[in-house]
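Subject: Structure handover

Hello,

Here is the structure for you to look at. My notes on it follow below.

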Amino acid sequence: MSGMIAHWGVHPSIESNIARPIAFLDRDGVLNVGRQGYVNRPSEVELLPGAAEVIAKLRELDFLICVVTNQSAISRGLWGTGQLEVIHQELQQQLLSKNADASVDLFLTCPHRYEDGCGCRKPSPEMLYLGHRLLRLEGHKKVVNFSSVVHPITDQTVNWWGDKSVPFHPMDLMVGDRRSDMGAGWAYGARLFRVSAYEGIQAAVSRLLDENDIGDAFQP
Ligand SMILES: [Mg+2]
Ligand SMILES: [Zn+2]
C-alpha cells in the first residue's frame with residue numbers, strides 16, 4: 001500500500017468548489033470515540049456528542065468536509081481497505097441519522113505505520129493537500145461513493161523551522177485531538193483547533209464558526 005486511500009461520502013459536493021473553505025477533521029477523538037488500539041469494525045463506531053450538528057453547521061457556512069485519519073492497522077495487516085470502507089460508511093450513516101445535513105464530502109486515510117516512513121502520515125500535510133486537489137480541482141468530477149482509490153504521495157518537503165504556510169482559503173481549518181493533527185494543519189496553513197478526545201469537535205464549535213478566530217498557536 002504505497003499511497004493514501006480516498007473514499008467519497010454519500011452526498012459529496014461536486015460543483016463550483018474552488019472558492020469554498022475546507023474543514024479538515026481528524027476522525028477518532030474528534031467525530032467518534034477513539035478506541036484503545038483501533039476502531040476495527042462498524043459496531044465500534046460511536047459518535048461523540050454534537051459531532052453531526054457541528055458538521056451540519058459548518059456546511060451551512062459553505063465548508064467542504066474532509067476527514068483526514070491515520071489508520072496504521074492496515075499496514076500492520078489487521079484488516080484491509082474493504083473494512084475501512086464499511087467503517088466509514090457506518091460513520092457517515094450515523095452522522096446522517098443524527099442530522100440530515102451532516103454529510104462528509106471526502107474521507108482520506110494514511111494506512112501506514114510510523115516506521116513505514118510514508119510521507120502521508122500526519123503530521124505530514126499530504127492528506128490535506130490531496131483533499132484540496134480532489135475537492136477543489138479535479139477529483140470531484142470522478143466521484144464513486146465509498147469505493148477505495150489509492151492516490152500517490154507527492155512527498156513535498158515541509159520546512160518545520162520556517163513560518164506557518166498560507167492556506168488556499170483563509171477559513172480552511174483543521175480540528176484534531178493530537179499534536180500530529182496540529183502539525184499537519186500548521187504545515188498546510190489551516191486555522192488550528194485542538195480538542196480533547198473526550199469532548200471531540202463540539203468543544204470548538206463556536207470558535208470554528210467565528211471567522212475572526214485565527215485558531216490555536218502552534219510551535220512545531
Ligand atoms: Mg484522533
Ligand atoms: Zn502514509
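What spacing do the donors of the magnesium ion (ligand 1) follow along the chain? They follow D-x1-D-x148-D.

First, the ground rules. This is a predicted model, where local features need pLDDT of at least 70, side-chain atom pairs count only at pLDDT 80 or more, and totals for chains, interfaces and linings use all residues. Residues are numbered from 1 along each chain as its sequence is written, chains are lettered from A and ligands numbered from 1 in the order in which they are written, and side-chain values use heavy atoms, with hydrogens and water left out.

**Metal site**

Three protein donors lie 2.1 to 2.2 Å from the magnesium ion (ligand 1): Asp26 (OD), Asp28 (O) and Asp177 (OD). Donors are N, O and S atoms within 2.8 Å of the metal (3.2 Å for Na, K and Ca). Water is not among the atoms, so the site may look incomplete. Asp26 counts as buried, at 6% relative accessibility. Asp28 is buried too, at 18%. Buried means under 20% relative accessible area, exposed over 50%, and partly exposed in between (1.4 Å probe, protein chains only).

**Pockets**

The largest pocket has a volume of about 520 Å³. A pocket is an open set of points on a 1 Å grid over the protein atoms alone, where a 1.4 Å probe fits, with protein on both sides within 12 Å along at least five of seven lines. Grid points are joined across faces, edges and corners, and the volume is the space filled by probe spheres set on the points.

Lining residues have an atom within 4 Å of a point. The largest pocket has 23 of them, with Asp28, Arg35, Gly37, Asp177 and Arg178 nearest its centre. Asp28 and Asp177 are also among the magnesium donors. Strand S3 (64-70) and helix H4 (179-188) each supply at least two lining residues. Helices (H or I, at least four residues) and strands (E, at least two) are DSSP runs, numbered from the N terminus.

By class, this lining has six nonpolar, nine polar and eight charged residues. Ala, Val, Leu, Ile, Met, Phe, Trp, Tyr, Cys and Pro count as nonpolar, Asp, Glu, Lys and Arg as charged, and the others, Gly among them, as polar.

The second largest pocket holds about 220 Å³. Its lining has 14 residues, and Cys118, Gly119, Arg121, Pro123 and Ser124 lie nearest its centre.

**Strands and crossover**

S6 (residues 173-176) and S7 (residues 191-194) run parallel, joined by four bridges. Two strands pair if DSSP finds at least two bridges between them. Val175 has Phe193 in S7 as its bridge partner. S6, H4 and S7 form a right-handed β-α-β unit. Right-handed means that, with the strands pointing away from the viewer, the path from the first strand over the helix to the second runs clockwise.

**Backbone points to check**

Most residues other than glycine have a negative phi, and most peptide bonds are trans. Lys122 and Pro123 are joined by a cis peptide bond, with omega about 20 degrees. Pro123 sits in the loop between S4 and helix H3 (126-137).

Asp62 has a positive phi, near 80 degrees. Asp62 lies in the loop between helix H1 (51-60) and S3, and is partly exposed at 38%. Phe146 also has a positive phi, about 65 degrees. Phe146 is in the loop between H3 and strand S5 (149-151), but is buried at 5%.

Best wishes
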